[in-house]
Amino acid sequence: MGYKVAVVGATGNVGREILSILAERGFPADEVVALASRRSQGVEVSFGDKTLKVKNLETYDFSDTDICLMSAGGAVSKEWSPKIGAAGCVVIDNSSQWRMDPDVPLIVPEVNADAITGFAKKNIIANPNCSTAQLVVALKPLHDAATIKRVVVSTYQSVSGAGKDAMDELFTQTRAVFVSDPVEPKKFPKRIAFNLIPQIDVFMDDGFTKEEWKMVAETKKILDPKIKLTATCVRVPVFISHSEAVNVEFENELSAEDARKILREAPGILVIDTREPGGYATPHEAAGEDATYISRLRDDPTVDNGIAFWCVSDNLRKGAALNAVQIAEVLVNRKLITSRRKAA
Ligand SMILES: NC(=O)c1ccc[n+]([C@@H]2O[C@H](COP(=O)([O-])OP(=O)(O)OC[C@H]3O[C@@H](n4cnc5c(N)ncnc54)[C@H](OP(=O)(O)O)[C@@H]3O)[C@@H](O)[C@H]2O)c1
């Protein structure tokens, strides 16, 4: 008997992607349940070639569900994840609510799958922020080779990272510009159509935004607390895929050529870098794909051992849904959970 899996937030950007990735990868579930708020009860969502009717999270009984893939925001996770975990179902959460909790593993399977072992303390496992996930996939093999001292990253983050309403806002504003209607910012603090916004999440006391802080704190937790990282996070008028311009300084010697060879062999990465017009990955090509794409690899002559590169990935997949399903696969492949209905 396979596993029973619940997807909370099944009507959202990430939830829909989780359902399609579970089907694509043939996850060993013999029942998948779609959950969302009361508003969406009865709505149909796709799961492979089937459709599932969405049920109400508030009235769902988790007692025979093995894994809950949760992507309904921090407030819902804060209330529900501990209850679901206490009912014996392992929660894999996409929000930022539990990421820095010392009793909750923060996992990117290509990077720190072994850290999953402590999950049973709360029965909650956290998925990192989308911009952190793709970055650590690229940094891990480089850190293993030459020990990273410092990272400077600027992000170019798509609107889908802010949910389905944010995608609608880019569409509506773009249309409004073309037909000379008034452009009203609702979800974003300024107009996003034909613009850039150098603020993602709220401001902190030190002038960084919370998104920038998350990249620092999560990279330390996942990869190495000794790595110094500074980030500038920018929202751009792209629907899907986050891009990052990254400068890395190492303790030991590592050339861009060495990095290219290492990254070509690394899990989850595709190097596209032919140093000619178009010989690099863009958000458009990364959308719908699983890989973290690396392009524009070059030496950084302003530091002793430094390189620069461009990193692009689908934020709804590696940045959220794919990573969550890969965590579920680690639980299953390492036999860290058993089907509760089979055990009964
Ligand atoms: N988008 C990304 O790139 C990304 C990356 C990493 C992490 N995340 C995180 O993933 C989560 C979801 O993001 P998203 O982009 O998918 O957002 P979204 O498109 O706005 O979808 C939100 C989902 O949450 C559900 N929901 C809201 N309130 C609920 C409640 N009270 N009870 C049950 N379900 C409720 C919604 O259901 P209704 O339709 O019924 O309202 C919807 O299914 C967030 O925590 C986000 O920070 C997103």
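Which residue in strand 11 does I148 stand opposite? In this predicted model, I148 faces F250 of strand 11.

## The sheet

I148 and F250 stand opposite each other where strand 9 (residues 148–157) pairs with strand 11 (residues 242–250). This pairing is antiparallel and runs over eight bridges. Both strands belong to an open sheet of six strands with mixed pairing, in the order 10-9-11-14-13-12. The edges are formed by strand 10 (228–235) and strand 12 (269–271); each has a single partner strand, so one side of each lacks a neighbour in the sheet. On average, neighbouring strands of this sheet are turned by 20 degrees against each other, direction ignored.

## Helices on the sheet

Helix 6 (residues 210–222) packs on the sheet and touches strand 9, strand 10 and strand 11. The direction of helix 6 makes about 145 degrees with that of strand 10.

Helix 7 (residues 256–265) lies across strand 12, strand 13 (292–299) and strand 14 (306–313). Relative to strand 13, helix 7 runs at about 165 degrees.

## The ligand and its surroundings

The ligand is surrounded by 26 residues, of which T11, V14, S37, R39 and S40 are the closest. By class, this shell consists of nine nonpolar, 15 polar and two charged residues. Helix 1 (13–24) and helix 9 (317–333) each contribute at least two residues to the shell.

A polar side-chain atom of S40 is 2.4 Å from a ligand oxygen, a backbone N or O atom of V14 lies 2.8 Å from a ligand oxygen, and a polar backbone atom of G9 is 3.1 Å from a ligand oxygen. On its own, the ligand has 910 Å² of accessible area, and the protein covers 81% of it.

How values were computed:
Residues numbered from 1 in each chain as written. Predicted model: local features only at pLDDT ≥ 70, side-chain atom pairs only at ≥ 80, totals over all residues. Heavy atoms only, no water. Pairing = 2+ DSSP bridges. Helix = DSSP H or I, 4+ residues; strand = E, 2+ residues; numbered from the N terminus. Axes fitted to C-alpha atoms, helices over the stretch in contact; angles between N-to-C directions. Contact = heavy atoms within 4.5 Å. Near = heavy atom within 4 Å. Polar contact = N/O pair within 3.5 Å; in protein donor to acceptor, adjacent residues only side chain to side chain. Areas by Shrake-Rupley, 256 points an atom, 1.4 Å probe, with all protein chains shown as cover. Nonpolar A, V, L, I, M, F, W, Y, C, P; charged D, E, K, R; others polar.
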